[in-house]
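Here is a short tour for someone meeting this structure for the first time. Take a look at it, and then we'll walk through some of its parts.

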Amino acid sequence: MTEKEKIHSGEIYQPMGQEILDEQLAYLDRMDAYNAIPRKELQKREQMLPQLFAEVGEGCYVESPFYANWGGHHVHLGRNVYTNYGVTFVDDTHIYIGDYTMIGPNTVLATAAHPLDPGLRRKGLQYNLSVRIGKNCWLGAGVVVLPGVTIGDNCVIGAGSVVTRDIPPNVVAVGNPCRVLREIGEADRVTYRHGRNIPEELLDGKIFQKN
């Protein structure tokens, strides 16, 4: 197996080989070009997204600047995904983000990790594990998601949380390390922050959007 073939395998590899770097730098150039597009040129920004990301569903919006090790090349966006300013995709392997998910500013989704042995780190070695974010999730500002983590559908991850392990669906989770605080339930359908009532005209009769 070549070093390039190891990128998505979970195996330890050397990421600084010329073949890898040449491809990676080309994608980084595209990312820089996107970040330089004025925000008023909405059509140009939208048209460029499929050139950046592995998959882009309809209705996605990516604020700039965003940052990515591979320029977004290994990031898969579902439909109507929104990512706020300063999001970092450490996309050395695949990152999957489900439909209608919102990513808060300065969030980091990291797939790359390094051996604990200092001798191996001196050699610049790393390994990569995919990150998966479900549908209808909201990750607050400054969340960090570590390699190999899966977050289930409909979750809310509190601002500043560091997600080190999988999070089940339909929960609010917070903290460092991030832990489940509670399930999202019927009260959340009719009230929001500190028990304020949601206007009746906004209620849809459903706790969760399943699709």
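## Two helices side by side

At roughly what angle do the axes of helix H1 and helix H2 cross? The answer is roughly 165°, with the axes of H1 (residues 18-35) and H2 (residues 42-52) coming within 10 Å. Axes here are lines fitted to C-alpha atoms, for helices over the stretch in contact, and angles run from 0 to 180 degrees between N-to-C directions. H1 and H2 are therefore roughly antiparallel to each other; angles over 145 degrees get that name, while those under 35 count as roughly parallel, 65 to 115 as roughly perpendicular and the rest as oblique. The crossing of the two is left-handed, meaning that the near helix is turned anticlockwise from the far one by less than a right angle (clockwise would be right-handed). On the H1 side, the contact is made by Arg-30, Met-31, Ala-33 and Tyr-34, and on the H2 side by Arg-45, Met-48, Leu-49, Gln-51 and Leu-52. Contact means heavy atoms within 4.5 Å. Sorted by class, that makes 6 nonpolar, 1 polar and 2 charged residues. Nonpolar covers Ala, Val, Leu, Ile, Met, Phe, Trp, Tyr, Cys and Pro, charged covers Asp, Glu, Lys and Arg, and the others, Gly among them, are polar.

A few ground rules before going on: this is a predicted model, with residues numbered from 1 along each chain as its sequence is written. Local features need pLDDT of at least 70 and side-chain atom pairs count only at pLDDT 80 or more, while totals for chains, interfaces and linings use all residues; side-chain values use heavy atoms, leaving out hydrogens and water. As for the labels, helices (H or I, at least four residues) and strands (E, at least two) are DSSP runs, numbered from the N terminus.

## The start of the chain

Met-1 sits in the segment before H1. Is Met-1 buried or exposed? It's exposed, with a relative accessible area of 65%. The cut-offs are under 20% for buried, over 50% for exposed and partly exposed in between (1.4 Å probe, protein chains only).

Leaving aside residues up to four places away in sequence, Met-1 touches Lys-6 and Ser-9. Its C-alpha atom is separated by 10.0 Å from that of Glu-11, 10 residues apart along the chain.

## A sheet of seven strands

Next comes an open sheet of 7 strands with mixed pairing, in the order E2-E5-E8-E13-E16-E18-E19. Two strands pair if DSSP finds at least two bridges between them. The edges are E2 (61-62) and E19 (179-183), each pairing on one side only. Strands of a sheet pair through backbone hydrogen bonds, either parallel or antiparallel.

E13 (residues 138-139) and E16 (residues 156-157) run parallel, over 2 bridges, and Trp-138 stands opposite Val-156 in E16. E16 also pairs with E18 in the parallel sense, again over 2 bridges, where the bridge partner of Val-156 is Val-172. Then E18 (residues 171-174) and E19 pair in the antiparallel sense over 4 bridges, with Val-172 opposite Arg-182. Of the 5 residues of E19, the number buried is 0, so this strand lies largely in the open.

## Backbone details in the loops

The hairpin of E18 and E19 has 4 residues between the strands, and Gly-175 there takes a positive phi near 105°. Pro-177 lies in the loop between E18 and E19 too, and the peptide bond from Asn-176 to Pro-177 is cis, with omega near 0°. Another cis peptide bond runs from Ser-64 to Pro-65, with omega near 5°; Pro-65 is in the loop between E2 and strand E3 (67-68).

Which value does phi of Asn-80 take? It's near 55°, positive in a residue other than glycine. Asn-80 is in the loop between strand E4 (75-77) and strand E5 (82-83), and at 26% relative accessibility it counts as partly exposed. Asn-154 also has a positive phi, about 70°, without being a glycine. You'll find Asn-154 in the loop between strand E15 (150-151) and E16, and at 7% relative accessibility Asn-154 counts as buried.
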